Amino acid sequence: SFCDRPHPNPGMSDAAPDNRWVLAFVAGAALGGLLVAAGLRKKQRDDTDTILHHMRDQRIKRTLTPLAKGSGQPKRSVTVHVPATSANIGSGYDCVGMALDMWNELTLSRANEMSITVEGEGADDIPLDDSNLVVVGVKAAFKALGKDLPPLKYELRQRIPHGRGLGSSSAAIIAGLLAGLALTGEKLDITGKEELLQLATEIEGHPDNVAPALYGGIQLGLHSGSQDRWMTKRVPVPHGLIFVIFIPTFTGKTSELREVVPKTVDLKDAVFNMGRLAWLVGSLVSGDTTDLREGFDDRLHQPYRGKAVYKHLYPVMKAAYDAGAIGAYLSGAGPSVMAITSGGKGDFFTQADHHARADAAVAQAMQQVSKAMDIPGKVYITHPSSTGAVVVKADPPYSTPLVMYNGET
């Protein structure tokens, strides 16, 4: 795999930190700080010349200056990884999305002329011109900084299935924005502004895919009337959740699928979804997944899309629940169907817990039903990613002899 992620297989989710180790670390750091401070006070006069000598050393100054200024150095090329996302989680239509451990890669390089190469998922369907959403994202980044767009070489390596309700469009937008910014060496403000999120949402139209693609985890997004901007907030992901995705071979087009969703709904249906969304978020925050299933019931989009377009939706969801899933829903605008199971512990391939885990049984049940309905597709088993889009390589690198970053950055 070209993606070196924290958890290489679906058997392990992000565990909560051990507070005892955190407290021990903080106490040790505080004690060490006191000792160092005492030593410095005692030797302050003797060490002054040494400190000044090092401050005058040009090599050290050159190494530290870029870090002290917060980057700003343009790059010749950068490589970014962006996760797949699953939006419209259950009752969270157009406002809740989640990052998955499935990654696209973009390498963006300065060149004499513009070119785009694509390999992997959807390579034959992705445009090789300015309409490519990666290019749209890069252009938006340069425009936001008031810079002219130079000729660039775009190298796309696709792992996220194209047009299947797994955030391939948002991944392309975020990849372009992030790579474009990294190439310039500039940064956008995040605290109180989330400028990068504003750019992404302006292109995409809603935050439920771009927010988790940008930040990772489960993100709850809305547009603030008081601040007149898009905002997001992370929702905790209980440990041990495993996600089983049935991915049909055919594609779904979001613009067309929105046409089958009514523009107005009955008050009782709105209240139904409000209650289920509150239940879903409450269950995730508390970590109690006993009745998590209730939070995935929906009356705003799934019934209409299931009836008009996706005949496989409810049969596949029922099969997943019958096999032990604790949640199931239409991922994004479909056609992929997501099922959630619990009990993930340790490595998926070397540690087995047949009493707690149901992901294999759920995958088999979803396949059997889809085959009986003559809906070709495959099943992909993975877990949430707490990490969003990230720069994994840069030339020249961000790392220095004194400060090293992850990967080849």
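Visitor: Which backbone oxygen does the side chain of Ser-370 reach at 2.9 Å?
Guide: That of Gln-367. This is a predicted model, where local features need pLDDT of at least 70, side-chain atom pairs count only at pLDDT 80 or more, and totals for chains, interfaces and linings use all residues. Residues are numbered from 1 along each chain as its sequence is written, and side-chain values use heavy atoms, leaving out hydrogens and water.

Visitor: And what lies 3.1 Å from a polar atom of that Ser-370 side chain?
Guide: The backbone oxygen of Met-366.

Visitor: Is Ser-370 buried or exposed?
Guide: Buried, at 3% relative accessible area (buried is under 20%, exposed over 50%, partly exposed in between, with a 1.4 Å probe and protein chains only).

Visitor: Which residues does Ser-370 touch, leaving out those up to four places away in sequence?
Guide: Phe-246 and Ile-375, where contact means heavy atoms within 4.5 Å.

Visitor: New topic: what is the phi of Asp-374?
Guide: About 60°, positive although Asp-374 is not a glycine. Most residues other than glycine have a negative phi. Asp-374 is exposed, at 65% relative accessibility.

Visitor: How about Asp-94, what is phi there?
Guide: Near 65°, again a positive value in a residue other than glycine. Asp-94 is partly exposed, with 23% relative accessible area.

Visitor: Last one: what kind of peptide bond joins Gly-334 and Pro-335?
Guide: A cis one, with omega about 10°. Asp-395 and Pro-396 are also joined by a cis peptide bond, with omega about -5°.

Notes
Polar contact = N/O pair within 3.5 Å; in protein donor to acceptor, adjacent residues only side chain to side chain.
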